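Please keep the sequence and the structure in view while reading.

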Amino acid sequence: MKADKIMKTNPASLWMRISAYLIDILLLAVVMYPIRSLNIDYYSSFLHAASKSPLLAWNLFAISMITALIILFYFSLLEHKTGQTLGKLLMKIMVVSKNKRMTFGDALLRNVSKIHLIFLLADCLNILINRSNQRYLEKYSNTEVISLWAKSKL
């Protein structure tokens with residue numbers, strides 16, 4: 001569905017957005033499960049890993065960076081190409097640009113906070129504090145998440 005043809009007046013609810021995000025994270029957890037089988041589960045922190053072996057600490061860091069990049073590119077690439085991730089598709093919501101067309105840079109900027117839960121929570125403060133439908137990075141990337149559900153006529 002083309003973003004140009006969608007009315008941008010129907011923002012997605014926070015619960016729809018959270019549900020879509022949880023679906024995406026669950027999918028990513030399943031896909032990235034083999035990375036967890038590298039016997040690094042025992043070493044839960046860089047400091048503990050570094051005390052055992054600098055090589056182990058480096059491996060833990062490398063795996064963390066690879067995981068963050070996979071997450072970042074999953075969201076950014078799919079939203080740039082289709083406006084939706086699998087979670088957004090299932091929840092019938094979509095990312096649209098307030099400009100004519102969303103660039104990959106816009107998609108990357110709006111998703112950079114998703115590499116870590118702390119960053120994402122800080123990014124979401126705008127939704128809660130200002131009661132807006134945009135995260136901070138969505139404001140800067142000129143994007144918004146809309147619902148594709150047809151408004152019911154009462």
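Helices (H or I, at least four residues) and strands (E, at least two) are DSSP runs, numbered from the N terminus.

The model is predicted: local features need pLDDT of at least 70 and side-chain atom pairs count only at pLDDT 80 or more, while totals for chains, interfaces and linings use all residues. Residues are numbered from 1 along each chain as its sequence is written, and side-chain values use heavy atoms, with hydrogens and water left out.

Buried residues in α1 are M16, R17, A20, Y21, D24 and L28. They sit on the same side of α1, because they cover an arc of only 130° around the axis, taken from the directions from the helix axis to the C-beta atoms. W15, L22, L26 and V30, on the other side of α1, are exposed. Buried means under 20% relative accessible area and exposed over 50%, with partly exposed in between (1.4 Å probe, protein chains only).

Strand β1 (residues 93-97) is largely enclosed by the rest of the structure, since five of its five residues are buried. I93, V95 and S97 point one way from β1, and M94 and V96 the other way. Five bridges join β1 to the antiparallel strand β2 (residues 143-147); strands pair if DSSP finds at least two bridges between them. S97 has T143 as its bridge partner in β2.

S147 also lies in β2, and counts as buried at 8% relative accessibility. Its contacts (heavy atoms within 4.5 Å) include M16 and I93.

The structure holds seven salt bridges, each a side-chain nitrogen of Lys or Arg within 4 Å of a carboxyl oxygen of Asp or Glu. Three of them are listed here.

| Pair | Closest N to O |
|---|---|
| E138 and R17 | 2.4 Å |
| E79 and R110 | 2.6 Å |

E79 lies in helix α4 (residues 54-81) and R110 in helix α6 (residues 104-111), so this pair ties together parts 31 residues apart in sequence. Both E79 and R110 are buried. Salt bridges that share partners join R17, E79, K88, R110, K114, D123, R135 and E138 into one network.

Note on methods:
Lists of a residue's contacts leave out its neighbours within four places in sequence.
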